[in-house]
Amino acid sequence: MSESSGEAVAAAVASATEAGGWRRATGIAGVAIGVVAAGAAAGVAIERLTVGRGMRQKARLALDSAGPYGGLRGTPGTAYAEDGTALYYEVDDLDPETGAEADRAPRRRRLFGRRTPAPVTVVFSHGYCLNQDSWHFQRAALRGVVRTVHWDQRSHGRSGRGVTQTRDGRPVSIDELGRDLKAVIDAAAPEGPLVLVGHSMGGMTVMALADAFPDLVRERVVGVALVGTSSGRLGEVNFGLPSAGVEAVRRVLPGVLRALGQRAELVERGRRATADLFAGIIKRYSFASRDVDPAVARFAERMIESTPIDVVAEYYPAFNDHDKTAALAHFADLPVLVLAGVRDLVTPSEHSEAVARLLPDAELVLVPDAGHLVMLEHPELVTDRLADLLVRAGAVPAATTVDGYGSTSSTGPG
């Protein structure tokens, strides 16, 4: 995109908002909202599609019905945050016949009434404007092999709207998300070793948990995976835009989001009307590969577009305030995986490299042909590195086989 086009979009957002022209603001809302929902900033030029709108709508419906993604379900549960927000989670338990426990040596008999030790639980935290289904491929691969917990962050997926946000009008903080994760762990995995896995905002949530509950990390956490995330300085990310456009967008976007969040119904209508624009923007900021399965791209689009604009607005300030660099020290003696897509425009791989520099014993994996949703774009690679982390953490034996993660390539696996 040229610098002039970036400046033009930013100027249009500012002009429409300052003038109070809601019709004009709604006309450009598709650009601003779609990019923010993908975790980016406004100002992307999209080439016009040559297929008719009706045909594109039929194609989306076909992909929705054909794509098997996001259909895995486990044993449901609800945890409650400090403010009373209902946090939905699901547990996939070990398969006693084929899971990791079946491969271990026979258990010793209980002595003096002691219970069998609790199994390792892997807790997955998702990113901004996504939900627990964003880990679909990794969940499919690890199902039955190790005990897993997948949860929806407040106001996302099946979790309830944040009580503090709806009652008090306060934006979300990353610290609050860390406390939410603690509530989920207390409810779904109250005992036994833990492996914490977080993507993007989910990785920040894991860092916030460590910052607030260092004793929990020291006593129970045996491994950590930080995927496409950052420990701070997100205000410096340019989202692949020219510097002039980025500065203009940063200046007006918080106010635009607050205003649009107060007109949610109007904005959602405009958002639906610009579905084709959303699809292009979401794909640009989610994936880097040319051959991503269209059903996977549509799956990501569905997750992102299901996040209401007022939720987008509630979360946005948290990222500029986020700084959990010091909290990384709590992971220093643990097996850690730091993984990122080299072409990630939302949380650039340089942020993962900065995390790895502070954790010199961590495994750093940079995926060349990958964007922000690397776990959907290259599921085989991500699952392979997670499986290795689980072995290093003692969660599964070295001989364990994980499979079933599928492929996102439209041409199939090579």
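Reader: Which residues form a nonpolar patch on the surface?
Author: V342, L364 and L366 do, with about 210 Å² of accessible area together. Patches are made of residues with over 30% relative accessible area and no salt bridge, and nonpolar side chains (Val, Leu, Ile, Met, Phe, Trp, Tyr) are joined within 5 Å. A salt bridge would be a side-chain nitrogen of Lys or Arg within 4 Å of a carboxyl oxygen of Asp or Glu. Areas come from the Shrake-Rupley method with a 1.4 Å probe, and for residues only the protein chains shown count as cover.

Reader: What should I know about the model?
Author: It is a predicted model, where local features need pLDDT of at least 70, side-chain atom pairs count only at pLDDT 80 or more, and totals for chains, interfaces and linings use all residues. Residues are numbered from 1 along each chain as its sequence is written, and side-chain values use heavy atoms, with hydrogens and water left out.

Reader: Back to L366. Where is it?
Author: In strand β8, residues 363-367. L366 is partly exposed, because its relative accessible area is 32%. Buried means under 20%, exposed over 50%, partly exposed in between (1.4 Å probe, protein chains only).

Reader: How many helices and strands in the protein chain?
Author: 17 helices and eight strands. These are DSSP runs, numbered from the N terminus: helices are H or I, at least four residues, and strands are E, at least two.

Reader: How much of the chain is buried?
Author: Buried residues are 55% of the 414.

Reader: New topic. Is G178 buried or exposed?
Author: Buried, because its relative accessibility is 0%. G178 sits in helix α7, residues 174-188.

Reader: What does G178 touch?
Author: T205, A208, L209 and F213, leaving out residues up to four places away in sequence. Contact means heavy atoms within 4.5 Å.

Reader: Which way does phi go at C129, positive or negative?
Author: Positive, about 65°, although C129 is not a glycine. Most residues other than glycine have a negative phi. C129 lies in the loop between β3 (121-125) and α5 (136-142).

Reader: And what is phi at S155?
Author: Near 70°, also a positive value in a residue other than glycine. S155 is in the loop between β4 (147-151) and α6 (163-168). S155 counts as buried, because its relative accessible area is 7%.

Definitions and conventions:
Patch = residues over 30% accessible without salt bridge, like charges linked within 9 Å, V, L, I, M, F, W, Y side chains within 5 Å.
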